[in-house]
Amino acid sequence: MTKRAYNSFEMAQSQFDRIADKLDLERGARELLRDPVREYSFAVPVHMDDGSVRVFRGYRVQHNDARGPSKGGIRFHPHETMDGVRALAMWMSWKCAVVDIPLGGGKGGVVCDPHDLSMREQEQVARNYVRQIPREMGPVRDVPAPDVMTSPQHMLWMLDEFETIHGQKLPGFITGKPVGMGGSLGRKEATGYGVVYTIREALKQLGIPADQTTASVQGFGNVAQYAIQLYTDLGGAVTCVSCWHQKDQVSYAFRRKEGVHLGELQGITDRYGGIDKEKAQGLGYEVLPGDAWLEQEVDILIPAALENQINAETVQRIPETVKIVAEGANGPTSPEGDRALHERGVFMIPDLLCNAGGVTTSYFEQVQCNINYFWELEDVLNRLDTKMTSAFAAVSDVAAKQDLYMRDAAYMIGVDRVAQACRERGWI
Ligand code: NAD
């Protein structure tokens, strides 16, 4: 029997259907929210350095904008699909609603591998993406941001193209810009720190001191590195991290039982979050197969790389020691994996809540661009902590009062707020 390919949009829709039942949503709301309101698929032609032309496929999906302009990152990834982008756009709608910021859900992507492209070619991908849909996006319509394998530099090229087309300075068009060019201090730390603010709250609730805990992390990119930094500052020890190894085309896990050293690993990591295997071995790290990160006897697992990593098969390998799963990545747990964790009584901090620090600070970036006044780092991080802590409290309150799994509580808050905005606008 052939194994059916994982489809993240089907997963997002099945999660939505379950919550729609719990909320007893009316038919119109179900039909509207189950699919994106708008989506674009377009060609992104690039004149390559060798004189040839390559045409990449670009996607932009606006899932729902009843609460405000759509908001969501743009990925450059060789395995990007329209369904993948649809799922991520839907999750953005719920996420913005969970942290209660006035934005809707969107997402974008280009099917390409930046590892194989020069910076000039990447600039062409970024600019030509914007050229295809310059009127469909914008500061009051749909606001992109960086995501997997896109950076502040890509955002600035996109902004420059957008402003050139429109003949105006419109810094609120895109977030994740470089600091000093309309970017917010704290944006690069935001998602990883937000993950740890929620872990801190979960540990408080479980009565476990942070400095007596250990964690294992999948990924060593933006989210993972800042999560490791703040978690270590709280006294926790990360004993294992895993990442993709571009040259070998497999992932590896790097383990040091007394705790990995963040700065040391950062010194041997490329800009895509790939750790140099040989150098890590030289520094005394054990190098294990990529999925060994979830077999570690730790208190906390932080998936911060890709979707569908904790699934029906891999969940069996998670040791009993694991008390908390903090979803730094979007959709890292499949419904089967989730059911197994729920049955085991693992405290789940769902992606909608856990990694919402990124979009919250993107919203702060927009606010600062609009008022043309930029806050100090401490100011941004304090506001972020306040937002994340109160969103955590709201979700755990609903979970406690209605005896719900944390993921269901987060979904119910998110879906209910979006449905309510659609009703109030008279859409349904
Ligand atoms: P990134 O590109 O900076 O890092 C991705 C990391 O994942 C890299 O270390 C890479 O080596 C690793 N990786 C890739 N494939 C892997 C595999 N098969 N096994 C193990 N590791 C693998 O990306 P990021 O910005 O850190 O984002 C990570 C996740 O968090 C994504 O799901 C993204 O959608 C989500 N997220 C990011 C933000 C943000 O602000 N950056 C916000 C919300 C959610």
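A: Gladly. Helices (H or I, at least four residues) and strands (E, at least two) are DSSP runs, numbered from the N terminus. This is a predicted model, where local features need pLDDT of at least 70, side-chain atom pairs count only at pLDDT 80 or more, and totals for chains, interfaces and linings use all residues. Residues are numbered from 1 along each chain as its sequence is written, and side-chain values use heavy atoms, with hydrogens and water left out.

Q: Which element gives the most to the shell around the ligand?

A: A residue is near a molecule if one of its heavy atoms lies within 4 Å of it. Strand β7 gives the most to this shell, with 3 residues. There are 25 residues around the ligand, and R75, T191, F220, W244 and G273 come nearest. By class, the shell has 11 nonpolar, 11 polar and 3 charged residues; here Ala, Val, Leu, Ile, Met, Phe, Trp, Tyr, Cys and Pro count as nonpolar, Asp, Glu, Lys and Arg as charged, and the others, Gly among them, as polar.

Q: How many bridges join strand β1 to strand β2?

A: Two strands pair if DSSP finds at least two bridges between them. β1 (residues 38–47) and β2 (residues 53–64) run antiparallel, joined by 10 bridges. A43 stands opposite R57 in β2. The hairpin has 5 residues between the strands, and G51 takes a positive phi near 95 degrees.

Q: How many aromatic pairs does the structure hold?

A: Rings of Phe, Tyr and Trp (its six-membered ring) pair if their centres lie within 6.5 Å; planes under 30 degrees apart count as stacked, over 60 as edge-to-face and the rest as tilted. The structure holds 8 such pairs. One of them, F347 with F392, is stacked, at 6.2 Å centre to centre and 10 degrees between the planes.
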